[in-house]
Amino acid sequence: MAGPRIYLDHAATTPMVDVARAAMLRGFDMIGNPSSPHADGRAARAAIEAARDRIKTALGWDHHLIFTSGATEAAMIALARGRAAGSVIRSAVEHDAVRRAAPDAQVAPVQSNGLLAPEAFGALVHATPGAVVAVQHVNSETGVVQPIADILPVTDVIGGTLFVDCAQSAGKLPLLKADLIAISAHKLGGPPGIGALLVRDLATLVPSGGQEQGYRGGTENLPAILGFAAAVEQDPPGDDMPDWVRTQFENRIWLDGQIAAEGGCVICGPTRRSPLVASYRMPGRSAAAQLIGFDRAGISVSAGSACSSGSLKPSAVMEALALRSDEARTVIRVSFGRTTTRADVEAFATLWREMARAA
């Protein structure tokens, strides 16, 4: 394919927005350690606290915010108390970061549409009073949106703590209510290596460090924090999705129709899904072959979440959806960002169609 590459892997990471780059440069000029008592240190501390308040305001969060290195570390902090007590429940379609943070967690099954199975989930939660329950808001592979508003009351009844991974939805969809929420800057136009854990009640956490109110160790990354704040402020979610997300929703719906018309399968197609994430199955052609073909043609897509797709093993998410192994191996993920154009999506659809017909 002639011309610049087409990037359709925004769920893995999305380009940094200009305001975030500029904010980071300002941060690099600040030399003080935010834990130092002198004037330079106090200036750095003031900048971090101002950024903390800016992010909370932009997201509409009225409680605590702990800066982390990303959503993975946020999950580790969030699940620590439940892990120590042996009382963590996670959905069967959680991100690998949650699986690794709580390898012995009880697993709540999902239905073939990607949503939690209500009766099984309710029974598991009620049998585990006080559990930490981990549910991803927007699934990073299928884009399925879990009904968090229905899940929170279930955990409240048993005195549990609801941890929600919002890495794929923060800054794109309205922030929801939960006890603990993980967000990641590089998923919404900020720099990599910075994220946050939103905390309703600090008593749900285990103190583990000398910084961030005692819940994380290590000097705060001031330039990244400033970039994070600038990126979040670019599109305050408010009560609805930003205009660019609405545009990408139209692109995703169009592509869904093209794939289905060509005999492909839109994974969890009828379910409410993110405007920005979709998985498609191409019968007769492996995901590995598809990725190679698209990459050679100058199009970047993936086969599942970036943390696990490098191995090209069958996705645990697809297995949880009861896809056969041979079916799961033919699924790729396409994800959209603020820079995605209809021409990009049309170019992908054209090549997908050619591959499918040649399979």
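Author: Helices are DSSP runs of H or I with at least four residues, strands are runs of E with at least two, and both are numbered from the N terminus. This is a predicted model, so local features need pLDDT of at least 70 and side-chain atom pairs 80 or more, while totals for chains, interfaces and linings use all residues. Residues count from 1 along each chain as its sequence is written, and side-chain values use heavy atoms, leaving out hydrogens and water.

Reader: OK, how many helices and strands does the chain have?

Author: Both kinds of element turn up in the chain. The count is 13 helices and twelve strands.

Reader: What is the radius of gyration, and what does the globule rule give for 359 residues?

Author: The radius is taken over C-alpha atoms, and the rule is 2.2 Å times the number of residues to the power 0.38. Those C-alpha atoms fill a box of roughly 65 × 55 × 35 Å along the principal axes. The chain is as compact as a globular protein of its length, because the radius is 21 Å, close to the rule's 21 Å.

Reader: Which strands sit at the edges of the sheet?

Author: Seven strands make an open, mixed sheet in the order 2-8-7-6-5-3-4, where pairing takes at least two DSSP bridges between two strands. An edge strand pairs on one side only, and that applies to strand 2 (64–68) and strand 4 (106–108).

Reader: Which residue of strand 6 is the bridge partner of valine 135?

Author: Strand 5 (residues 132–136) and strand 6 (residues 161–165) run parallel, joined by five bridges. Across them lies helix 6 (residues 148–157), at about 155° to strand 6 (angles run from 0 to 180 degrees between N-to-C directions, with axes fitted to C-alpha atoms, for helices over the stretch in contact; contact means heavy atoms within 4.5 Å). In strand 6, valine 135 is partnered by valine 164.

Reader: Beyond four places in sequence, which residues does isoleucine 183 contact?

Author: Neighbours within four places are set aside for this list. What remains is Leu59, Gly70, Ala71, Cys166, Ala170, Gly195, Ala196, Leu198 and Phe228.
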